[in-house]
Amino acid sequence: MGESDALRTHLVRALDWEEAHVGFDKALDGIPPEKRGARAAGFDHSPWQLLEHMRLAQDDILDFCVNAHYEHTLNWPDDYWPNDPTPPSDSAWTDSIASYKRGLEELKRLARDVDDLTARVPTGKATQTYLRAILLVVDHTAYHVGQLVAVRRALGIWS
């Protein structure tokens, strides 16, 4: 296996590993529907808001990487966080999880298949490479998964 192949394999694993911390699936598993919109004392976001934020940010980064006509039209922070702490329906919750997982699989495909990970994303600035985008998703997701676990602990729904 060449150096590039080893890096690609590592990136794919890093997108959803659980070696150093809880992963996405475990952090969301078993949250009762009545707690998905709950805000714990001292926390700014509910489990729903954290889930949806991770999905929205990942979708935007993925679109940035694969859409040759990408234009950054989302406004920070309003378009990256749902206003309502409660999911509009049970299906919104499950659809958000499914959408996040589909995007994650697309990012893994990108990590495996893009010709040059260090190349600039076509619509990006000089330092905005595919590698940077993938690492940004890894870092961003790990941060918010940690927040999700902390919120669950504060809500008494973490074991």
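In the predicted model, the residues that line the largest pocket divide by class into eight nonpolar, six polar and three charged. This pocket has a volume of about 360 Å³, and of the 17 residues in its lining, Asp60, Ile61, His72, Tyr80 and Leu136 lie nearest the centre. Two elements, H3 and helix H5 (130-155), each give two or more residues to the lining of the largest pocket, and the largest share, five residues, comes from H3.

The second largest pocket holds about 220 Å³ of space and is lined by 19 residues, with Leu15, Asp16, Trp17, Phe24 and Leu104 lying nearest its centre. Here the elements that give two or more residues to the lining are helix H2 (24-28), H4 and H5, and H5 gives the most, with five residues. By class, the lining of the second largest pocket comprises 11 nonpolar, three polar and five charged residues.

Helix H3, which gives the largest share of the lining of the largest pocket, covers residues 47-66, and at 1.5 Å a residue its 20 residues should span 28 Å; the C-alpha atoms at its ends are 29 Å apart, in agreement with that expectation. Because 16 of the 20 residues of H3 are buried, this helix is largely enclosed by the rest of the structure. Among the residues of H3 is Arg55, which has a relative accessible area of 15% and therefore counts as buried, the cut-off being under 20%. When neighbours within four places in sequence are left aside, Arg55 is in contact with Ser96, Ser99 and Tyr100.

The arrangement of aromatic side chains was also examined. A search of the whole structure finds four aromatic pairs. One of them is formed by Trp48 and Trp93, whose rings are 6.4 Å apart centre to centre, with 40° between the planes, and the pair is tilted. Since Trp48 lies in helix H3 and Trp93 in helix H4 (residues 90-113), this pair ties together parts that are 45 residues apart in sequence. Trp48 counts as buried because its relative accessibility is 6%, and Trp93 is likewise buried, with a relative accessible area of 3%.

A further pair involves Trp76 and Tyr80, whose ring centres are 5.6 Å apart and whose planes meet at 50°, so that this pair, too, is tilted; the assignment follows because an angle under 30 degrees would count as stacked and one over 60 as edge-to-face. The two partners contrast in their accessibility: Trp76, at 61% relative accessibility, counts as exposed, whereas Tyr80, at 8%, counts as buried. Tyr80 is also one of the residues that lie nearest the centre of the largest pocket.

Asp78 is found in the loop between H3 and H4. With a relative accessibility of 58%, Asp78 counts as exposed, because the cut-off for that class is over 50%. The C-alpha atom of Asp78 is separated by 30 Å from that of Leu11, a residue 67 places away along the chain.

Methods
Residues are numbered from 1 along each chain as its sequence is written. This is a predicted model: local features need pLDDT of at least 70, side-chain atom pairs count only at pLDDT 80 or more; totals for chains, interfaces and linings use all residues. Side-chain values use heavy atoms; hydrogens and water are left out. Helices (H or I, at least four residues) and strands (E, at least two) are DSSP runs, numbered from the N terminus. The expected span of a helix is 1.5 Å times one less than its number of residues. Buried means under 20% relative accessible area, exposed over 50%, partly exposed in between (1.4 Å probe, protein chains only). Contact means heavy atoms within 4.5 Å. Rings of Phe, Tyr and Trp (its six-membered ring) pair if their centres lie within 6.5 Å; planes under 30 degrees apart count as stacked, over 60 as edge-to-face and the rest as tilted. On a 1 Å grid over the protein atoms alone, a cavity is a set of points where a 1.4 Å probe fits but cannot get out, and a pocket is an open set with protein on both sides within 12 Å along at least five of seven lines; lining residues have an atom within 4 Å of a point. Grid points are joined across faces, edges and corners, and a volume is the space filled by probe spheres set on the points. Ala, Val, Leu, Ile, Met, Phe, Trp, Tyr, Cys and Pro count as nonpolar, Asp, Glu, Lys and Arg as charged, and the others, Gly among them, as polar.
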